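Biologist: Please pick one part of this structure and take me through it closely. I would like atoms and distances, then the surroundings.

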Amino acid sequence: MTRQWITVLGATGSIGVSTLDVIARHADRYAVFALTGYSRMDVLHAQCLQHDPLFAVVADAAQADQLQARLQLAGVQTRVLHGCEALAEVAADQRVDVVMAAIVGAAGLPPTLAAVRVGKRVLLANKEALVMSGALFMQAVRDSGARLLPIDSEHNAIFQCMPSDYASGLGNVGVRRILLTASGGPFREMPLDELAHVTPAQACAHPNWSMGQKISVDSASMMNKGLELIEACWLFDARPEQVEVVVHPQSVVHSLVDYVDGSVLAQLGNPDMRTPIAHALAWPERIDSGVSALDLLLTARLDFQAPDPQRFPCLRLARQAFEAGGTACAILNAANEIAVQAFLEQRIGFTDIPVIIEHSLNCLSPVPVKELAQVMLADAQARECAQQWLASRA
Ligand code: NAD
Ligand code: MG
């Protein structure tokens, strides 16, 4: 079997590390073309020693020189590049077969889109990229013939439950609803009046999943589910009213598809991202992911509840942004990124997050999107708007 060349964008993060864990189990199938990281240079260094990529990409020249020198000392041939253009180059290089898009936030959009535009097999973890640029992104997928495979556990589950000819482009015929499950995060049962005082450490302590800080806060506010609702509409060509969010605290049922004949198909598994990663890497084949078999007797119960709109206003804001269309989702996403960062820096309270997002959505009028520059402009304006809110409070 000829090995496939893979680029891992965001290799040093939670998804990046899980991806390399799966790849290491299948050295006969995958070879690493490039690894990228923005911080945690020790992790990137160790990854280069283990996986011997052709390229590593870091943020700036100083980081690049340092890492290059350390790798040379260790006798590793990896060439270290830096900057945004280098990210796009290692994502779109002619030699690359598969790109894992696992940078967090808007920073991942340009390299992910670069991979899509040249028709790669793109494993999409970076939901923010799709949320920001929805129509443009999906048009690029159709134009280039890229194979887009969802890594988000819910979307990977939905993909697995879609009609068998869905992947050949025959659409979602017969699908009535998509049931998007949500754990409810760490604050699902906390008294509402305590939410304003929660700390970043509490928000990042997710009951079921171990993830990066930004997505952990998004899970606590349920903006993660809002972004995923938008992601599901684009990926599966669904109307927002077809996507129903269901709180499922055990995180064992990763999502479900409801058909017009009353059949409901679900995908279950232990909450470990190596399952969707292995699925997307090998699809349509199946490979070992290192994840242990699901023990239903140990799980014992599967609970389902409706999400509380008062507790989780971000869900409503995300629906509103998707319905407004154009650049509204880019505004939503950018304001959320600024708000989450400010919360992590303890400059605002947890319940200020939706306030900042709503403020930015009200300040800026969405415009129809024809090109990426409009998305980037809306992103910049929304960041500015959110920063102004923060400054006015300081
Ligand atoms: P993380 O914070 O652990 O890792 C993020 C990666 O992106 C790191 O390698 C970091 O160095 C890199 N990065 C950060 N800022 C950058 C920038 N400005 N330029 C270039 N690189 C940058 O995040 P994560 O939890 O691995 O999540 C990554 C993406 O996957 C997110 O979009 C998240 O929503 C999505 N996702 C994650 C999980 C999960 O279980 N962790 C599940 C579903 C979806
Ligand atoms: Mg998810």
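Modeller: Start with two glutamates: both E154 and E228 are buried. Buried means under 20% relative accessible area, exposed over 50%, and partly exposed in between, with a 1.4 Å probe and protein chains only. This is a predicted model, where local features need pLDDT of at least 70 and side-chain atom pairs count only at pLDDT 80 or more, while totals for chains, interfaces and linings use all residues. Residues are numbered from 1 along each chain as its sequence is written, chains are lettered from A and ligands numbered from 1 in written order, and side-chain values use heavy atoms, without hydrogens or water.

What holds the magnesium ion, ligand 2? Its protein donors are D152 (OD), E154 (OE) and E228 (OE), lying 2.1 Å from the ion. Donors are N, O and S atoms within 2.8 Å of the metal (3.2 Å for Na, K and Ca); water is not among the atoms, so the site may look incomplete. Along the chain the donors are spaced D-x1-E-x73-E. E154 lies in helix α7 (residues 153-161) and E228 in helix α10 (residues 223-235), so the pair ties together parts 74 residues apart in sequence. Helices (H or I, at least four residues) and strands (E, at least two) are DSSP runs, numbered from the N terminus.

Helix α11 (residues 274-282) carries H279. H279 is buried, at a relative accessible area of 7%. Its contacts, neighbours within four places in sequence aside, are N156, F159, Q160 and R286. Contact means heavy atoms within 4.5 Å. With N156, H279 also makes a side-chain polar contact of 3.0 Å. A polar contact is a pair of N or O atoms within 3.5 Å; within protein, one must be able to donate a hydrogen and the other to accept it, and residues adjacent in sequence count only if both atoms are side-chain atoms.

Now ligand 1. It is surrounded by 22 residues, the closest being T12, S14, Y38, E128 and G212. A residue is near a molecule if one of its heavy atoms lies within 4 Å of it. The shell has 11 nonpolar, eight polar and three charged residues. Helices α1 (14-24) and α6 each supply at least two of the shell residues. Backbone N or O atoms also approach oxygen atoms of ligand 1: one from I15 at 2.9 Å, one from Y38 at 2.9 Å and one from A125 at 3.4 Å. The protein covers 87% of the 830 Å² of accessible area that ligand 1 has on its own.

Next comes N126, in the loop between β6 (121-124) and α6 (127-144). N126 is buried, with a relative accessible area of 1%. A polar atom of the N126 side chain lies 3.1 Å from the backbone oxygen of G105. Beyond four places in sequence, N126 is in contact with A101, I103, V104, G105, G108, L109 and T112.

L109 and T112 are among the buried residues of α5. Seven of the nine residues of helix α5 (residues 109-117) are buried, so the helix is largely enclosed by the rest of the structure. Those buried residues pack against β1 (4-9), α4 (84-92), β5 (98-101), β6, α6 and α16 (372-393). Just after α5, G119 takes a positive phi of about 80°.

Definitions and conventions. Accessible areas come from the Shrake-Rupley method with a 1.4 Å probe; for residues, only the protein chains shown count as cover. Ala, Val, Leu, Ile, Met, Phe, Trp, Tyr, Cys and Pro count as nonpolar, Asp, Glu, Lys and Arg as charged, and the others, Gly among them, as polar.
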